[in-house]
Amino acid sequence: MLKENKMKGNKYLLPKEIKPLNYKLEIEPNFKNFKFKGNEEILIKVLKKTKKIVLNSKRLKITKVLVNQSKTFSPYKINYNKELQTVQFLFKNNIKKGVARLSLSFEGELNNDMRGFYRSSYGKNKIMVSTQFEPNDARKCFPCFDEPDLKATFDVSLIIPKKLEAVSNMPIKNELITNNTKKISFKTTPLMSTYLLAFSVGEFELIKTRTKQGTLIRVITTPGKKHQGKFALNLAKEIVEFYNNYFKIKYPLPKLDLIAIPEFEAGAMENWGLITYRETALLFDEESSSAAVKQRISVVIAHEIAHQWFGNLVTMKWWNDLWLNEGFASWMEYKPIDYLFPEWDMWTQFFNEATTTALYLDGLKSSHPIEVDVYNPDNLGEIFDAISYDKGAAIIRMLEQYLGEETFRRGLQHYIKTHLYDNAKTEDLWVSLEKISKKPVKKIMNTWTKQAGYPLVSVSIEKNKLKIKKERFTYLRNKRDKASWIIPFALSKNNKKKYSLLSKKEEKVNLSEIPTKFNESQTGFYRVCYDKGLFENLVKELNNDKLKIIDKLGVENDIFALSRGCYIKLTDFLEIIKYYKKEIDYTIWDDISVNMTKIKSLFQNNQTNERLDLFVKNLFEDILNKVGWDEKKGEKHKDSLLRAVVLSSSGLSGNKEVLEEAKKRFSIFIKSKKLNPNIRTLVYSLVALQGDKKDYEIIKELYKETKLQEEKIRFLKALCTFKQQEILKETLRFILSKEVRVQDVSSGMAFVAGNPYGKDLAWDFFKLKYKEFYKRYEGSAHTLSNIIKSICSQFSSLEKLKEIETFFKKHQAKGIKQAIGNSLEAIEINYNFVKNNEKELKEWLYNN
C-alpha cells in the first residue's frame, strides 16, 4: 500500500546539481504574535551550471533572495509548489559550477502542531518554543535542502528575549545582549542532515555531569522540575560510556543535552547533541513515578542515545532505509539496559514488547516491506511504524544470534567506521557484516527486508526425520502467496545451538534427538505450528515446568495468533493457558492479559462475557493471592510490573474483593495523597469502572490539579474507563478541550476506544470531529494513524467495516492510507475470529 512508482516518486526529490556545504542560520521567534523571522546564508556547491535553485520550503514567506558568486544577483521569479513542498528561484544568468552563497530572508508561524518550529505552553501562560524536524519539517522553519543525504554543517544563532535561555545541538559560542534581547550563537555542528538540527528557547533549569571521557551531559527542564531529571542524568552518562565501549568510537560532540518538552508528538527525538523528550519519557519523580515509567524512561533514553552513532554519525541515504535508524535503535536500546539492570530480564521483555508487536502488524496482508519506496512527503510519516521499528529490531536480533554477538558487534564497528559522517544503504550494512562473518548475510536478509510478512514454520516428525514446511503467516489466509524466506533455523543439543539455513518450502532434517521446543529463546522472526505428537510433548514440558520463561511466552503467543488467524480453534488456546496458572513471571501474565482482553472485547454476548470474566478470575486466582496489594521485602522490579497486571486484570474481570479494595485505597488517597505509584493507574481505573458522576468529577478535578504529567495520563485513562454513555461523551469532549495537551489526545481516544462501552462513541465522535482532527494533525500522519487504528480495529462486524471504508472514501485521507488499510483488515480478522469460534466458545465456557 505504501509502495510508490519510483519514476513518479522522483518528482518529490530535489535536483542534484546543487549541494549545501554550510548554513549560517539566524532565527528570531516572537513570543507575542507567535511568528518568527529568519535570515540564512547557505554555502552551496554547484556541480553543474544552472539558472535555477530549488529548495524545500513549507508555510514560509520568503522576503529576500540573493546569490553571490563573484557578483550579487537576485532571481527574476520565485515559484512555490505546495504539493512538492518546494520553492524555486529562477535567474536570468547562469550560476556557474563551483561555490556560491545563497542568502535568504523569510518569515513563518510558531504553530502548535508539534512539527517544525513550534510553541508549547507550561505553567501559568508560559511559552516555550522548540523544534521537531524529522522526517521532513526543517522546511517549515527555514528554506533548506531537506533530504537526509544532503548533509551540511550548521552555524545557528537565535535572537531571543533577554530573560530566556536557548539551547541547540552545539555549545554556546558567544552571547551578545542588546537592550531587552540577546543573540546567542552556537558553535559549528558536524556534517549532518537537516532533520537532526534542533533548538529550543524558554525558561530552563538544568543539572549536569560528565562521562569518564569528558563529555558534558545535561538534563534540561522547565522551572521546578530539574530534580526529576536525576535518574535520567545518571543513566545517560552510563549509557554513553557503554556505547563508547561497544562501538569503539567515542561520542563525537562536546556535550549531550536531554531536554523535556511540555508538548511533544513522539516519545523522543535523537537530534544530535540535543535530544528532545516528552516529560513522561525523561522525568522520574521518586515519590510518584512507577516502575513501569522508570523502565520506559530507561529504554527511551537508550534508544535515542544509540541514534547518536546509528542514524547521526551514519545516516540512511533515504527514508526507504528508515529501519537502519529505527530498527537498529529499537534493538540496541535493550543492550545497555540489560547490562545495567540484569534483573529486569530485558530480552524476554524485548520479545514481549517489540517482537510480538511486529508479528501482529506483519501478519496483516496490508503490511509493507521493511525497505519501502516512499517519496511523497505526505506519506513519510506512515513508515514510522512497528515494521520499521519492531520488525527491524527483531530481524537484527535474529541475525546477531546467527552470526554470534561478538562477530555482529565487529561488523557494526566496521560499518560505522566505513561510513563516518556519511550516508549508507541497507546493503552497506550487509557488506560489512559479510566481510567480518564470512556468511551470506545479504542473501539471507534480503528475504526479510525486501518483502512483507514472515513464515509460519510447521514441524512434524516422520521416521525420525524432522519435516519442516514454510508458508506465509497471515491472519487472513492466502494460499496463493509465493513469499519465501531463508531462515537461520536453530536446533539445540547439549545446550549448544546449531544453525541450519532453511531456504526451501519443505525440508527434512535428520535428528538423533527430537527437540521439544523450536525457535528456542524466540530469536527467530517466525511462528511455529506443531503436529499433534510434538504438541503433546510440548504440553508435557509446560506442565512439568521444563521450558524457559521466554519459550513459555513464545508458545502462548504463537497459539493465540494461530487461533486468531483461524488455523486452530480459540478453545485450543484457552485449554493451553490453563497450564500457565502457576506461572509467576510478569511477561507471561502480561501477554495473557492482553490476549484475554482482546477476546473479551470481541465476544460481546452478555452470557459469553460473564463466563469469560469467570474464566479470567479463576485463571488469575493463584497469582493474585501470591502478589497481593502491597510490596514485600526483597521484591524485584518485575514483581511491581506483575502486581499491576494481575490486579488490573482481576478487577476488570469483576473480582469483587479487588474492586472494593481499589475503592478503599482511592478514598485514603483522596485524604492523604498517599498511594503506591505502581498501582495508581489500576486503582484510578477500577474506581472509574464502578463509579458514577460524582467519582467522575473528583477524578477530573484531580487531573486538573496535578502538575506531574505521568499522573495526568493516569487520571485521563480513568476518565475514559467509566461505563455510562453520557459520562464517556463528556470525556470525549474533554479530550479535545484545552485541558488536555495536544500530544495526549491520541492516548485519550485510544483509552475510550479500548473501553467496550466506549468504542462506538469514540468512532461517532471521531466522525463528527473529523475535520478538526484532520486539521490539527495534518502533516502528522503518525498521530492521526494511531488514532484511526486504535478506534477502528476494535470492531468486528462487516457492517462497520463497510461504514468505515465508505467514510474514508468520502473524506480527505492524505498520509493515512496505510492506517486505514490496516484497520479495515483488522475488522475482517475480528469478524472471522468471532464467526469461527462463537458457538464452540459458548459451549466450552459452559463446560469449563
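In the predicted model, Glu711 is buried, with a relative accessible area of 4%. Arg680 is likewise buried, at a relative accessible area of 6%. Glu711 and Arg680 form a salt bridge in which the closest N and O atoms are 3.3 Å apart. This pair links distant parts of the chain, since Glu711 belongs to helix 21 (residues 709-719) and Arg680 to helix 19 (residues 680-689), 31 residues apart. Elsewhere, salt bridges with shared partners join Asp760, Asp764, Lys767, Lys800 and Glu803 into one network.

The structure holds 58 salt bridges. Side chains of opposite charge can pair when their charged atoms come close. One of the pairs is formed by Arg278 and Asp744, with the closest N and O atoms 3.5 Å apart.

The salt bridge between Glu83 and Lys11 has its closest N and O atoms 3.0 Å apart. Because Glu83 lies in the loop between strand 6 (77-81) and strand 7 (86-95), while Lys11 lies in the loop between helix 1 (6-9) and strand 1 (18-30), the pair ties together parts that are 72 residues apart in sequence. Glu83 is partly exposed, with a relative accessible area of 42%. Lys11 is also partly exposed, with a value of 39%.

An open sheet is built from four strands in the order 27-24-23-28, and its pairing is mixed. Strand 27 (506-510) and strand 28 (527-530) stand at the edges; each has a single partner strand, so one side of each is left without a neighbour in the sheet. From one strand to the next, the twist averages 25°. Strands of a sheet pair through backbone hydrogen bonds, either parallel or antiparallel. Strand 23 (residues 455-462) and strand 28 run parallel and are joined by four bridges. Leu456 stands opposite Arg527 of strand 28. Helix 12 (residues 549-564) packs on the sheet, where it touches strand 23 and strand 28. The direction of helix 12 makes about 80° with that of strand 28.

Helix 2 (residues 230-247) comprises 18 residues. From its first C-alpha to its last, helix 2 reaches 26 Å, close to the 26 Å expected at 1.5 Å a residue. An α-helix has 3.6 residues a turn, so residues three or four places apart point the same way. Helix 2 is mostly covered, as 13 of its 18 residues are buried. Lys248 follows helix 2 and has a positive phi, near 60°.

The mean pLDDT of the protein chain is 95, and 98% of its residues reach 70 or more. Over residues 1-8, by contrast, the pLDDT is below 50. This stretch has 20 contacts in the model beyond near neighbours in sequence. Where pLDDT is low, the predicted coordinates should not be read in detail.

Methods: Residues are numbered from 1 along each chain as its sequence is written. Side-chain values use heavy atoms; hydrogens and water are left out. Two strands pair if DSSP finds at least two bridges between them. Helices (H or I, at least four residues) and strands (E, at least two) are DSSP runs, numbered from the N terminus. Axes are lines fitted to C-alpha atoms, for helices over the stretch in contact, and angles run from 0 to 180 degrees between N-to-C directions. Contact means heavy atoms within 4.5 Å. The expected span of a helix is 1.5 Å times one less than its number of residues. Buried means under 20% relative accessible area, exposed over 50%, partly exposed in between (1.4 Å probe, protein chains only). pLDDT is the predictor's confidence in each residue, from 0 to 100. A salt bridge is a side-chain nitrogen of Lys or Arg within 4 Å of a carboxyl oxygen of Asp or Glu.
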